[in-house]
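This report goes through one protein model, part by part. The sequence and structure come first, and the notes follow.

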Amino acid sequence: MLRSEQKPFEEIEGYLKGDKKVFILGCDGCAQSSQTGGKPQVLAMKELLEGAGKKVTGHTVIDFLCQKALVASRLRPLEAQVMEADSLLVLTCGVGVQSVGAMVPKPVHPGCNTISLGGSRGEWRGTERCLECGDCLLHYTGGICPLTACSKGLRNGACGGASDGKCEVSPEKSCGWELIYERLKEVGKLDLLKQFIPPKEWNKQRPRPEMLSTSLWALEQRNESSEEDRG
Ligand code: SF4
Ligand code: SF4
């Protein structure tokens, strides 16, 4: 399970500057249980965006946004509403936003920050991963996480060491920043590369003290130990 919290509305509004039409996506999995991306939160966000002068072309909540095939099949009947939008606002964890970004040829904006439960978790077939950094950057990177897609976790562009599109640290994998460049090009957002992403506040990636006494924390730690035992 990934835990998330909604970003401040001012930050979301900043991402949507220049976008008149937005499609909102929620997730009935972890985001629903975090109360950040279930149906009530999607409807509340619709009202906020309309109050801010945006046209919401459509909205839906999908069972698990981390499942790309499910995202594609559930969005197919809503294709006209999705394609009418300038961008998608996705209310879920970092994996869900990345999964939507991989399936829809539109800019995606994260409406939530994934907060730390002490590592990264989840077993799913996709390649998308989230380090639960507590300050999601996916708006700037075309919906590809620079902390997990780039071997060095660089946030402001490539190191220059890639060769034939492969990472200099791990030649078996594609350079994350080349993937980010291609995605931004595809959705017409290369201008985002000119924006400087300030140094990361890594303390946001530390588990919060109030989480340590929750049953969710205990459950996740138990799951992690069993995975290590299996490994
Ligand atoms: S930037 Fe990456 S690590 Fe941070 S919340 Fe987003 S997907 Fe997760
Ligand atoms: S080659 Fe690409 S993925 Fe590898 S460390 Fe450099 S920027 Fe990151």
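The model is a predicted one.

## Ligand 1

Around ligand 1 lie Gly-94, Asn-113 and Thr-114, together with Cys-130, Leu-131, Cys-133, Cys-136, Leu-137, Leu-138, Cys-145 and Leu-147. The shell of ligand 1 has no charged residues; 8 of its residues are nonpolar and 3 are polar.

The protein is divided into domain 1, covering residues 1-139, and domain 2, covering residues 140-198. Taken over C-alpha atoms, the centres of domain 1 and domain 2 are separated by 21 Å. Domain 1 puts 16 residues into the contact, and domain 2 puts in 15 residues.

On the side of domain 1 that touches domain 2, helix H6 (residues 94-103) gives the most, with 5 residues. By class, that side of domain 1 has 10 nonpolar, 4 polar and 2 charged residues.

## The largest nonpolar core

The largest nonpolar core has 46 residues, and the members touching the most other members are Leu-25, Leu-88, Val-90, Leu-91 and Val-100. Strand E2 (residues 21-27) gives the most to this core, with 5 residues. Both domain 1 (1-139) and domain 2 (140-198) give residues to the core, so it lies between them.

Leaving aside residues up to four places away in sequence, Leu-88 touches Phe-23, Leu-25, Val-100, Val-104, Lys-106 and Val-108.

## Thr-60

Is Thr-60 buried, exposed or partly exposed? Thr-60 counts as partly exposed because it has 16 C-beta neighbours inside 10 Å, whereas a buried residue needs 20 or more and an exposed one has 12 or fewer.

Thr-60 is part of strand E3 (residues 55-62). Not counting residues up to four places away in sequence, Thr-60 touches Leu-25, Arg-74 and Leu-78.

Key. Residues numbered from 1 in each chain as written. Chains lettered and ligands numbered in written order. Predicted model: local features only at pLDDT ≥ 70, side-chain atom pairs only at ≥ 80, totals over all residues. Core = buried A, V, L, I, M, F, W, Y, C linked by C-beta atoms within 7 Å. Helix = DSSP H or I, 4+ residues; strand = E, 2+ residues; numbered from the N terminus. Domains from an automatic or database assignment. Contact = placed C-beta atoms within 7 Å. Near = placed C-beta within 6 Å. Nonpolar A, V, L, I, M, F, W, Y, C, P; charged D, E, K, R; others polar.
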